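Colleague: Before I set anything up from these coordinates, I would like to go through the contacts between the parts with you. Could you take my questions one at a time?

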Protein chains: 2
Amino acid sequence: MTVAARRLKALGETTGFVPTMGYLHEGHLSLVRLSKKGASSTILSIFVNPTQFGPKEDLEKYPRDTEGDLEKCRSEDVDIVFMPEPGDMYPAGYGTYITVDGITSNLCGRSRPGHFKGVATVVAKLFNIAQPDKAYFGQKDFQQTVIIRRMVRDLNMAVEIVVGPTLREPDGLAMSSRNAYLKPDERRAAPALYQALESARLRCEEGGVSTDLLTAQILEKLRKEPLIEPEYVEVVSPENLEPLSHTGGGAVIAAAVRIGVTRLIDNIIIS
Amino acid sequence: MTVAARRLKALGETTGFVPTMGYLHEGHLSLVRLSKKGASSTILSIFVNPTQFGPKEDLEKYPRDTEGDLEKCRSEDVDIVFMPEPGDMYPAGYGTYITVDGITSNLCGRSRPGHFKGVATVVAKLFNIAQPDKAYFGQKDFQQTVIIRRMVRDLNMAVEIVVGPTLREPDGLAMSSRNAYLKPDERRAAPALYQALESARLRCEEGGVSTDLLTAQILEKLRKEPLIEPEYVEVVSPENLEPLSHTGGGAVIAAAVRIGVTRLIDNIIIS
């Protein structure tokens with residue numbers, strides 16, 4: 001894989017990289033299209049990374065569709081698909097991990113201890129394997145994008161991180177492979193997460209709002225949907241994820257909820 | 001720096017890299033000479049890395065001689081010398097660290113908690129900056145070489161690690177920038193460390209020896225030198241640094257001592 005990546009580089013190609021856990025949807029494909037525009041060759045990886053799942057999380061049942069994924073990659077003209085096995089990525093005696101302090105402890109980090117350590121580690125490994133010039137991530141995983149940018153800066157990685165907008169279903173639900181878990185009534189309830197965030201955004205655009213008020217309003221909206229159990233609603237700085245007391249100078253409103261066994265996240269940027 | 005490194009690569013050059021903390025001695029220069037043979041261009045870094053020093057260690061008084069170092073680099077025809085400032089390497093908000101589990105907890109790791117986290121992190125950063133094909137380290141820091149090899153394997157870094165032999169003063173003392181700390185009587189006492197290891201090696205070459213017996217004999221020899229205070233003597237596997245009960249199948253005998261305020265380490269490989 002690295003040999004192929006190096007050959008592309010030697011040919012003067014710029015490489016775009018889209019790391020995924022597979023079960024590809026339009027959100028992933030929108031990142032592929034950004035890469036096809038921004039780089040002369042595109043590598044996509046499919047790897048359900050065990051080190052970013054907690055012991056009680058959904059590693060075993062994470063949805064997979066290798067044939068469908070490869071067909072989508074062919075349609076989008078992806079140049080290289082990299083699909084390692086867990087034993088390739090974490091051989092016997094594996095023991096090296098990357099931690100990013102501070103920005104991994106709130107938001108999703110609070111309920112998923114170790115998650116971002118697994119994410120940072122696998123992304124660094126994939127970057128070293130694929131040696132991309134640019135790498136593409138979706139805004140839906142906002143905290144992940146901030147952590148990866150920080151890691152790239154801190155470790156002097158020669159990769160440009162590009163964040164593509166969250167793609168949404170017609171009713172506003174952010175696209176996610178985990179949406180496949182939702183039962184029909186849960187699926188009908190799920191857009192309430194986006195709607196609560198979007199109405200908060202509209203309120204902020206009329207002028208800065210106090211965070212306490214805003215989160216209370218979002219939680220109130222979410223609680224009207226009995227199938228939704230909020231995990232967090234936080235208003236943070238888009239640069240360093242620090243909690244903000246007011247949305248005046250730009251903010252991210254990020255939230256996680258549980259609907260049945262499914263955990264969904266979403267966020268909206270206030271400019 | 002990365003731009004210069006990339007230009008060399010684009011020209012088809014292979015890059016050898018010698019990371020140092022400066023105050024260069026013949027041990028460092030022997031690594032430069034290995035690099036000059038093994039690669040078409042050689043980068044040497046000088047950076048006294050604060051994150052690998054503990055709060056009570058010798059960061060402030062670590063010996064420095066920039067002019068002398070640069071003169072030696074000129075004489076050895078080093079192509080690029082990289083001398084970053086601490087604020088370049090660890091800018092405001094820095095928070096990313098690399099840990100290597102297991103092999104960092106014994107030997108020097110026991111008395112220097114956090115040391116190898118600092119080493120792994122700065123070496124990864126320097127590798128990303130210099131983008132070398134090969135990197136050269138001295139055997140004197142044996143545990144460091146095993147940890148860096150493990151990190152390179154685990155994180156899929158495209159760097160070949162080359163370990164050069166320990167260079168010694170005529171009386172056997174391993175060359176080290178820290179030897180400059182030794183007062184005259186301490187300097188006279190210091191070769192006892194090497195002598196104890198070397199006589200242990202000779203005993204092992206006559207046939208495998210029990211580790212308990214061997215370490216007892218080494219400690220007995222060291223204790224004959226009143227200025228020497230042993231910190232550890234351990235017999236471990238050269239691959240994974242696990243303690244061995246017998247030296248029959250290959251081993252490393254590693255030791256650390258204090259002489260006055262100076263901490264010295266040395267090791268010998270039993271084949």
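**Interfaces and local contacts**

Modeller: Please keep in mind throughout that this is a predicted model.

Colleague: How many salt bridges are counted between domain 1 and domain 2 of chain A, and which residue forms one with A:Arg110?

Modeller: Between domain 1 and domain 2 of chain A, the count is two salt bridges. In the salt bridge of A:Arg110, the closest N and O atoms are 3.1 Å apart, and the partner is A:Glu234.

Colleague: Which helix of chain A gives the largest share of the side of domain 1 that touches domain 2?

Modeller: In terms of contacts, 23 residues of domain 1 of chain A meet 19 residues of domain 2 of chain A, and 11 residue pairs between these domains are in polar contact, both residues being at pLDDT 80 or more. On the domain 1 side that touches domain 2 in chain A, helix 5 (108-111) and helix 7 (142-154) each supply at least two residues. The largest share of that side of domain 1 of chain A, four residues, comes from helix 7 of chain A.

Colleague: Turning to the two chains, what area do chain B and chain A bury between them, and which three residues of chain B supply 24% of the area that chain B buries against chain A?

Modeller: The contact involves 29 residues of chain B and 28 residues of chain A. Chain B and chain A bury about 2,300 Å² between them, 42% of it on carbon and sulfur atoms. Of the area that chain B buries against chain A, 24%, more than from any other three residues, is supplied by B:Thr96, B:Leu155 and B:Asn156.

Colleague: How many salt bridges and how many residue pairs in polar contact are counted between chain B and chain A?

Modeller: The count of salt bridges between chain B and chain A is zero. For polar contacts between chain B and chain A, with both residues at pLDDT 80 or more, the count is 18 residue pairs.

Colleague: How many bridges join strand 4 of chain A to strand 4 of chain B, and what is the bridge partner of A:Ile98?

Modeller: Strand 4 (residues 96-100) of chain A runs antiparallel to strand 4 of chain B, and the two are joined by five bridges. Within strand 4 of chain B, the bridge partner of A:Ile98 is B:Ile98.

Colleague: Where is A:Leu59, and which residues is A:Leu59 in contact with beyond its neighbours within four places in sequence?

Modeller: A:Leu59 belongs to the loop between strand 2 (41-46) and helix 3 of chain A. Its C-alpha atom is 8.3 Å from that of A:Asn49, 10 residues apart along the chain. Leaving aside neighbours within four places in sequence, the contacts of A:Leu59 are A:Val48, A:Pro50, A:Phe53 and A:Arg64.

Notes. Residues numbered from 1 in each chain as written. Chains lettered and ligands numbered in written order. Predicted model: local features only at pLDDT ≥ 70, side-chain atom pairs only at ≥ 80, totals over all residues. Heavy atoms only, no water. Contact = heavy atoms within 4.5 Å. Salt bridge = Lys/Arg side-chain N within 4 Å of Asp/Glu carboxyl O. Polar contact = N/O pair within 3.5 Å; in protein donor to acceptor, adjacent residues only side chain to side chain. Buried area = accessible area lost by both parts, 1.4 Å probe. Pairing = 2+ DSSP bridges.
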